[in-house]
Amino acid sequence: MTTKAEQASPSAIKTGITHQMTGNEAFARGAWEAGVKVAAAYPGTPSTEIMESLARYPVGDVHAQWSTNEKVALDVAIGGSFAGVRSVTMMKHVGLNVASDALMSYSYIGVNGGLVLIICDDPGIHSSQNEQDSRLFGRFAQVPVLEPSDSQEALDYTRIAFDLSERFDTPVIVRSTTRISHTRSPVLVSERETPEDRGFISDVTKNVMVPGHARRRHPMVIERLERLAQELETSDLTRLEPGSSKVGIITASMCYVYVKENLPEASVLKLGLSFPLPKKMIQDFCARHDRVIVVEELEPVIENELKSWGLKVEGKEYFPRTGELSPEQVRIGFEQAGILTPEESAIVPQFEPLIRPPLLCAGCPHAMSYNAIRSLDVRVAGDIGCYTLAVGDPLTAIDTTVAMGSSIANAMGMYLAGTETKPIVATIGDSTFIHSGIPPLINAVYNQADITVILLDNHITAMTGGQDNPSTGKTIRGEATHEVNFEDMIRACGVDWVERVDSYDAATMIQTMREGIAHRGVSVLIADRPCVIDPVRIKGPTMQVDEKDCNACQSCMNLGCPALIWSDEWFEGRHIVKIDPSACIGCSVCAQFCPTGAIQPTVNPDMIGGTRAKTCTTV
């Protein structure tokens with residue numbers, strides 16, 4: 001059981017004993033134990049908690065920061081490495097896309113202080129817009145990719161990664177997945193290392209990637225990987241667990257756990273790195289077995305490389321390239337391969353899945369914004385954030401969503417195409433706007449687009465759990481800092497129509513949107529209302545339905561608020577509405593949409609949720 005001191009700062013937890021940690025907490029611990037001094041990240045599930053955990057360590061040990069996007073975060077870490085201290089960045093898989101430009105060049109440059117990227121993939125697409133495999137990026141960038149399989153290895157491999165980084169002059173990727181990041185298991189912790197700061201080493205032929213320098217560095221990158229592969233032949237990172245010679249299993253990451261659950265006595269070669277691979281060890285393993293099966297999530301990265309060596313291995317015939325693997329799926333794959341029979345398989349409990357469609361929170365200001373947007377019959381280019389949930393019923397107010405910061409440029413392209421008969425609107429959140437929405441806004445103004453941008457400002461990075469960003473005026477450690485003024489920034493980009501409206505003020509919101517759409521050129525409306533659950537759940541006097549006045553018109557139900565539910569009472573063959581007081585926060589938006597005035601506050605009808613109620617008003 002952790003003490004209050006340990007909760008306040010994880011650096012105080014006792015060493016030499018095990019502690020229960022999530023993978024993300026263990027990654028943070030490993031970075032701290034390795035002596036990291038510079039850490040930068042942008043939040044993104046499933047990686048967010050790594051930086052949140054690291055920021056709890058003493059400020060004198062590590063400088064931890066949220067950056068405006070993943071490329072900025074990697075560039076900050078690269079700067080720390082240039083200056084001779086160990087540095088780390090962490091991000092989800094799609095964040096690596098954003099940071100890849102810097103990674104490709106820094107692979108050629110190499111490191112001074114060790115540089116590690118902790119990349120968290122999302123097999124199964126639990127909270128992402130795609131399902132990519134970051135192991136391919138490691139190969140693309142020609143940097144090693146370590147693959148921990150549990151929390152203990154998350155800590156250990158992070159420490160090892162810094163050692164490899166400095167010994168082989170290379171950035172190193174430590175790859176996690178959602179299951180590893182969010183699963184808790186025992187971890188044995190150690191004291192913090194205090195590596196000597198190396199200081200900046202002036203060497204323009206190594207540090208400045210102009211073509212002439214890059215040509216000389218490229219062969220060094222190839223030679224570096226060859227040396228690293230040679231070391232892996234005898235490294236403890238690759239572990240042979242001998243068993244029957246009939247079938248051998250080659251695996252890595254969380255798949256190793258699933259293999260052991262199903263075949264505890266099998267002959268297994270557990271790989272600690274998916275790139276580069278220990279060729280001779282794998283060749284010897286394959287030669288000792290009649291069949292070899294590769295078990296890996298997503299792409300057949302290991303399998304394809306082994307086949308390119310001429311080795312006879314199996315894998316994706318039995319295991320899917322899409323989705324997250326599980327012990328059950330691995331068992332089914334082994335049955336299809338003829339390794340297990342249904343009788344030999346463990347009894348798997350059957351669960352009835354809980355059907356729970358994703359919804360915006362009760363009182364979410366985005367719901368009002370999208371109701372206003374939907375009422376105006378416009379074409380909507382959406383973006384990445386909580387508000388993407390407006391694509392589903394009953395809001396159905398988003399037409400496209402691609403990637404972080406894409407909405408404004410997508411809207412620009414729709415305008416240029418000249419085929420759209422509806423007004424074109426781009427929606428984007430405050431943190432996403434800072435992440436990658438400013439350049440496309442400048443582009444839209446520069447190229448004289450006629451679009452409207454709705455900046456959904458809920459004063460926090462909400463989708464990933466409520467992290468601060470440059471518009472909140474606080475750092476990750478809660479320190480006061482400069483707060484971005486969106487109106488000033490947007491006007492500086494050349495936009496001359498900028499308005500800020502309270503998201504809960506339905507009538508004003510709709511009318512102001514009409515004015516913005518009517519404006520010729522780029523217009524920006526800032527929909528302003530804090531997230532209802534961060535930093536604490538906002539809750540005012542709740543609303544209630546007077547059942548005798550409700551005519552079951554469903555106007556309020558179109559808000560998609562989970563506090564609005566059907567009652568057992570009927571009106572002309574339709575259920576009338578009631579409000580769940582435990583979910584309602586008293587925002588009053590539903591009352592503004594009620595044409596009969598059936599929705600009223602439980603107390604104090606003049607003030608609800610911090611804004612004057614406009615009850616009994618049809619909009």
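How are H15 and H20 oriented to each other? I will start there, and keep in mind that this is a predicted model.

Two packed helices are described by the angle between their axes and the distance between the axes. Helix H15 covers residues 365-375 and helix H20 covers residues 506-518. Their axes make an angle of about 45° and are 9 Å apart. An angle from 65 to 115 degrees would count as roughly perpendicular, and one under 35 degrees as roughly parallel. H15 and H20 are therefore oblique to each other. Their crossing is right-handed.

Which residues meet there? From H15 we have Met 368, Ser 369, Ala 372, Ile 373 and Ser 375. On the H20 side, the partners are Ala 506, Met 509, Ile 510 and Met 513. By type, the residues of this contact divide into seven nonpolar and two polar, with no charged ones.

Next, the aromatic rings. How many aromatic pairs does a search of the whole structure find? The count is six. I will go through two of them.

One is Phe 82 with Phe 200, a tilted pair with 6.4 Å centre to centre and 50° between the planes. Phe 82 belongs to helix H4, residues 70-82, while Phe 200 sits in the loop between strand E8 (184-188) and helix H9 (204-207), so the pair ties together parts that are 118 residues apart in sequence. Phe 200 is exposed, at a relative accessible area of 53%. Ring pairs also bring in Tyr 106, which forms a cluster with Phe 82 and Phe 200.

The other is Phe 433 with Phe 486, an edge-to-face pair with 5.9 Å centre to centre and 65° between the planes. Is Phe 433 buried or exposed? Phe 433 is buried, with a relative accessible area of 2%. Phe 486 also counts as buried, at 2% relative accessibility.

Last, helix H11, residues 254-262. Its buried residues are Met 254, Cys 255, Tyr 256, Tyr 258, Val 259 and Asn 262. What covers them? The cover includes helix H8 (178-182) and helix H14 (327-336). Strands contribute too, among them E9 (239-241), E10 (247-252), E11 (267-271) and E13 (291-295).

Terms used: Residues numbered from 1 in each chain as written. Predicted model: local features only at pLDDT ≥ 70, side-chain atom pairs only at ≥ 80, totals over all residues. Heavy atoms only, no water. Axes fitted to C-alpha atoms, helices over the stretch in contact; angles between N-to-C directions. Helix = DSSP H or I, 4+ residues; strand = E, 2+ residues; numbered from the N terminus. Parallel < 35°, antiparallel > 145°, perpendicular 65-115°, else oblique. Left-handed = near helix turned anticlockwise from the far one by under 90°. Contact = heavy atoms within 4.5 Å. Nonpolar A, V, L, I, M, F, W, Y, C, P; charged D, E, K, R; others polar. Phe/Tyr/Trp six-rings, centres within 6.5 Å; stacked < 30°, edge-to-face > 60°. Buried < 20%, exposed > 50% of the residue type's maximum accessible area, 1.4 Å probe, protein only.
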